[in-house]
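Welcome, and please take a moment to look over the sequence and the model shown here. We will then walk through a few places together.

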Amino acid sequence: MNPLYLRSVSVCKPVKSDSYLAALPAVQALTGNSLSFSSPVTFFVGENGTGKSTLLEAIAVASGFNPESGTKNSCFSTRDTHSNLSRHLRLVRSGYPKDGFFLRAESFYNFASNIDDIDDDHRLVLSYGGVSLHEQSHGESFLALVQNRFDGNGLYLLDEPEAALSPARLLTLMAEIHTLVKQHSQFIIATHSPIFLAFPGGVGLSIYRSGSRSGGLPRNGALPAYPPIFRMSGTLFKTPV
């Protein structure tokens, strides 16, 4: 059985009522309640502004990762803008992983710059495939990270990793995740991608304005909003682009 390093998370200390955090559905749903992880791959899904990325960031910080992206040994900071939600969380662990990473799509550039800055003898870059992450496309650098730096037996937190990837490359990432799960890894992923949600055995936490719901992912791998859009593709805009 695949180990779940992180068993559950809850908001054990209420945030201040005048904080923007108090208005986030993800925070409201976990205040006084516990989210249990039952699968090695969990997806946070929901509309913009529901708190998916904020919750994932807080879990990462509470787990010891750099809030801008990186490992527990990443010490750089471009600008201290992350929330203090991590101070309000209670994480229940069943063990400690040997490896781990918090991948944040919007600030991965900062992480790549830090690697270049501190790699004086050009040895560190070998852990990322031997080529500077800045000398690759955004998507190529994401895959280079996963394929070379993720060693298994780890806890990996990914915030919208599909942002840099084509559909074909996203399938490649899913295959890498599948392999890493077999190597005793756990993933928690915030995503908007209907392709990602086709991952076999994944569990989705759907965050709504009115709360949250956890359960298996739909068989067609798509969020409810997508099928109507696909059917409307020929008439979505009156004037073709």
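What follows is a short tour of a strand, its neighbours, the salt bridges and some aromatic pairs.

This is a predicted model, in which local features need pLDDT of at least 70 and side-chain atom pairs count only at pLDDT 80 or more, while totals for chains, interfaces and linings use all residues. Residues are numbered from 1 along each chain as its sequence is written, and side-chain values use heavy atoms, with hydrogens and water left out.

Let us begin with strand β6, residues 154-159. Helices (H or I, at least four residues) and strands (E, at least two) are DSSP runs, numbered from the N terminus. Strand β6 is mostly covered, since 6 of its 6 residues are buried. Here, buried means under 20% relative accessible area, with exposed being over 50% and partly exposed in between (1.4 Å probe, protein chains only). In a regular strand the side chains alternate between the two faces of the sheet. In β6, G154, Y156 and L158 point one way, L155, L157 and D159 point the other way, and all are buried.

Which strands lie alongside? Strand β5 (residues 99-104) pairs with β6 in the parallel sense over 6 bridges; two strands pair if DSSP finds at least two bridges between them. Look for F101, whose bridge partner in β6 is Y156. Strand β7 (residues 186-190) also pairs with β6 in the parallel sense, over 5 bridges, and there L157 stands opposite I188. To get from β6 to β7, the chain passes through helix α5 (residues 167-182), and this β-α-β crossover is right-handed. That term applies if, with the strands pointing away from the viewer, the path from the first strand over the helix to the second runs clockwise.

Now for the charged side chains. How many salt bridges does a search of the whole structure find? It finds 2, where a salt bridge is a side-chain nitrogen of Lys or Arg within 4 Å of a carboxyl oxygen of Asp or Glu. In one of them, E57 is joined to R104, with the closest N and O atoms 2.6 Å apart. This pair links distant parts of the chain, with E57 in helix α2 (residues 52-62) and R104 in strand β5, 47 residues apart. Both E57 and R104 are buried. Another salt bridge brings together the side chains of R149 and D99, at 2.7 Å from N to O. R149 belongs to helix α4 (residues 138-149) and D99 to strand β5, 50 residues apart. R149 is buried, with a relative accessible area of 15%, and D99 counts as buried at 10%.

Finally, turn to the rings: the structure holds 5 aromatic pairs. Rings of Phe, Tyr and Trp (its six-membered ring) pair if their centres lie within 6.5 Å; planes under 30 degrees apart count as stacked, over 60 as edge-to-face and the rest as tilted. The ring centres of F43 and F196 are 5.4 Å apart and their planes are at 55°, so this pair is tilted. F43 sits in strand β3 (residues 41-46) and F196 in the loop between β7 and β8 (203-208), 153 residues apart. F43 counts as buried at 0% relative accessibility, and F196 is buried with a relative accessible area of 0%. F101 and F150 form another tilted pair, 5.7 Å centre to centre with 40° between the planes. Because F101 lies in strand β5 and F150 in the loop between α4 and β6, the pair ties together parts 49 residues apart in sequence.
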